[in-house]
Amino acid sequence: MIRLPFRDGFYEVRPSKIICLGRNYAEHAKELGHEVPKEPVIFLKPPSSLIGPNQTIILPRRSKEVHHEVELAVIIGKRGKNIPKAKAMEYVLGYTILMDITARDLQREAKTKGLPWTVPKGFDTFAPIGPRVVDKRELDVADLEIGLKVNGEVRQLSRTSKMIFKIDEIIEHISNIMTLEKGDIIATGTPEGVGPLRHGDLVEAWIEGIGVLKEEVLAERSILC
């Protein structure tokens, strides 16, 4: 179980689903050779991919190219369906950081074959989250610095104001497709600068006003069973 600091206590991270946005920063869409989308591009990561702060991202044997992606994550506070944009923020509990770790080579292969992204996005440890949950009343996320560094080298650096689709639009769009349950997580997309992770790396992702999420990286073959 993952427990993150929240208000004067802790928040237990138990989503029924993790909904992620692809290509929600124009420069990231361009760096991967995609057009800027006209509506939100969404996919799912399994809750089993979650790990907490100061844990370990495992590089699976099946992939030779695993990438980091830092994202602002929205925690849903109550159940909702067909939520209008004007009321969307009433369904938000708070915010945290999520790394959408991606087996990029497997994702490219899936795209070529017209297959879904479940495998490249769904490995265990591919959704680090933390270091805390910030109450929505305590933080305006409209224009915050968001970044990530590997072994002290800055790889990603942008601002949340560059998101193509804003949180209220995202919630309206998703809730018209699927019911949002209390505790669900929405990862709002990553800025440009995604890149590879290697055995032994230290990854630090940050968002202004939330903190820094740190994880180490190990290759699966190096772990004794």
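This is a predicted model: local features need pLDDT of at least 70, side-chain atom pairs count only at pLDDT 80 or more; totals for chains, interfaces and linings use all residues.
Residues are numbered from 1 along each chain as its sequence is written, and side-chain values use heavy atoms, with hydrogens and water left out.

As for element names, helices (H or I, at least four residues) and strands (E, at least two) are DSSP runs numbered from the N terminus, and two strands are taken to pair if DSSP finds at least two bridges between them. With that in place, strand β7, residues 66–68, pairs with β15 in the antiparallel sense over two bridges. The sheet around this pair is open and has three strands in the order β10-β7-β15, with antiparallel pairing. Its edge strands are β10 (102–103) and β15 (195–196), each of which pairs on one side only.

How many cavities of 30 Å³ or more does a search of the whole structure find? The search finds one, and the volume of this largest cavity is about 80 Å³. Its lining has 15 residues, of which Gly22, Arg23, His28, Gln107 and Trp117 are the closest to the centre. Two or more lining residues come from each of β3 (18–22) and α2 (104–113), and α2 provides the largest share, three residues. For composition, I count Ala, Val, Leu, Ile, Met, Phe, Trp, Tyr, Cys and Pro as nonpolar, Asp, Glu, Lys and Arg as charged, and the others, Gly among them, as polar; the cavity lining then divides into four nonpolar, four polar and seven charged residues.

The largest pocket holds about 190 Å³ of space. Of its 13 lining residues, Leu59, Pro60, Ser63, Lys64 and Arg221 are the closest to the centre, and the lining divides into five nonpolar, two polar and six charged residues.

Turning to charged pairs, a salt bridge here is a side-chain nitrogen of Lys or Arg within 4 Å of a carboxyl oxygen of Asp or Glu, and the structure holds 16 of them. One joins Lys17 and Asp184, whose closest N and O atoms are 2.7 Å apart. The two residues are 167 apart in the chain, Lys17 being in the loop between β2 (9–13) and β3, and Asp184 in the loop between α4 (167–175) and β14 (185–187).

Are these two partners buried or exposed? On a scale where buried means under 20% relative accessible area, exposed over 50% and partly exposed in between (1.4 Å probe, protein chains only), Lys17 is buried at 14% and Asp184 is buried at 0%. The side chain of Asp184 also makes a polar contact of 2.6 Å with that of Ser16, where a polar contact is a pair of N or O atoms within 3.5 Å, one of which, within protein, must be able to donate a hydrogen and the other to accept it, residues adjacent in sequence counting only if both atoms are side-chain atoms.

A second salt bridge joins Asp135 and Arg137 at 2.8 Å, N to O; here Asp135 is buried at 2%, whereas Arg137 is exposed at 67%. A further bridge, at 3.4 Å from N to O, joins Glu208 and Arg159. Glu208 lies in the loop between β16 (202–207) and β17 (211–219) and Arg159 in strand β13 (residues 153–159), so this pair ties together parts 49 residues apart in sequence. Glu208 is partly exposed at 39%, and Arg159 is partly exposed at 29%. There is also a network of salt bridges that links Lys45, Glu69, Asp100, Arg104 and Lys121.

I will finish with backbone geometry. The peptide bond from Gly130 to Pro131 is cis, with omega near 0°, and Pro131 lies in strand β11, residues 127–135. Arg7, although not a glycine, has a positive phi of about 50°, and its place is the loop between β1 (2–6) and β2. Asn82 likewise has a positive phi, near 50°, in the loop between β8 (70–76) and β9 (92–99), and Asn82 is partly exposed at 44%.

Key: On a 1 Å grid over the protein atoms alone, a cavity is a set of points where a 1.4 Å probe fits but cannot get out, and a pocket is an open set with protein on both sides within 12 Å along at least five of seven lines; lining residues have an atom within 4 Å of a point. Grid points are joined across faces, edges and corners, and a volume is the space filled by probe spheres set on the points.
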